[in-house]
Amino acid sequence: MKLARILTLVILAAVFVIGGFWYRYVTNTDSPYDEVGIELNSRMPGPVNKWGCEKLHATFGNVLPPYGCQSEADSRSWR
């Protein structure tokens, strides 16, 4: 029972830290090309990735999209 509680806390802490870093990446104002942020966003589930790409596009619409936010037809366009 105690092991299950500790394991649950560790998993929740990891989700909180990773989710916080991803949220900070998609709402930043510095650069859309943070390597860890790009990797996290590209691995998020569809709706979460879509929302992150929309936030990045709203902030950085005039630059090339990072990996995970590229159009399938043209890698130089936002999806």
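Asparagine 49 is in helix α3, which runs over residues 46-60. Helices here are DSSP runs of H or I with at least four residues, numbered from the N terminus. Is asparagine 49 buried or exposed? Its relative accessibility is 4%, so asparagine 49 counts as buried. Buried means under 20% relative accessible area, exposed over 50%, and partly exposed in between, with a 1.4 Å probe and protein chains only.

A word on the source: this is a predicted model, in which local features need pLDDT of at least 70 and side-chain atom pairs count only at pLDDT 80 or more, while totals for chains, interfaces and linings use all residues. Residues are numbered from 1 along each chain as its sequence is written, and side-chain values use heavy atoms, with hydrogens and water left out.

Back to asparagine 49. Leaving aside residues up to four places away in sequence, asparagine 49 touches Asn41, Ser42, Met44, Gly68 and Arg79. Contact means heavy atoms within 4.5 Å.

Now the rest of α3. Its buried residues are Asn49, Gly52, Cys53, Leu56 and Phe60. They cover an arc of only 100° around the axis, which puts them on the same side of α3. The arc is that of the directions from the helix axis to the C-beta atoms. As background, an α-helix has 3.6 residues a turn, so residues three or four places apart point the same way. On the other side of α3, Pro47 and Ala58 are exposed. For alanine 58 the relative accessibility is 70%. Alanine 58 and threonine 27 are 31 residues apart in sequence, and their C-alpha atoms are 9.8 Å apart in space.

What covers the buried residues of α3? The cover includes α1 and α2, the latter being residues 35-43.

Take α1 first. Helix α1 spans residues 2-26. It packs on α3 at an angle of about 35°, with the axes 8 Å apart. Axes are lines fitted to C-alpha atoms, for helices over the stretch in contact, and angles run from 0 to 180 degrees between N-to-C directions. From α1, the residues Trp22, Tyr23, Tyr25 and Val26 meet Val48, Trp51, Gly52, Lys55 and Leu56 of α3. By class, that contact of α1 with α3 has 7 nonpolar, 1 polar and 1 charged residues. Ala, Val, Leu, Ile, Met, Phe, Trp, Tyr, Cys and Pro count as nonpolar, Asp, Glu, Lys and Arg as charged, and the others, Gly among them, as polar.

Tyrosine 23 and leucine 40 are 17 residues apart in sequence and 9.8 Å apart in space, C-alpha to C-alpha.

Next, α1 against α2. Their axes come within 9 Å and cross at roughly 105°. That makes α1 roughly perpendicular to α2, a label for angles of 65 to 115 degrees. Ile18, Phe21, Trp22, Tyr25 and Val26 of α1 make the contact with Val36, Gly37, Ile38, Leu40 and Asn41 of α2. The class count for α1 with α2 is 8 nonpolar, 2 polar and no charged residues.

Last, α2 itself. Which of its residues are buried? They are Gly37, Ile38 and Asn41. These cover an arc of only 100° around the axis, which puts them on the same side of α2. They pack against α1 and α3. The face turned away from that buried side carries the exposed residues Glu35 and Arg43.

Notes. Helices (H or I, at least four residues) and strands (E, at least two) are DSSP runs, numbered from the N terminus. Angles under 35 degrees count as roughly parallel, over 145 as roughly antiparallel, 65 to 115 as roughly perpendicular and the rest as oblique.
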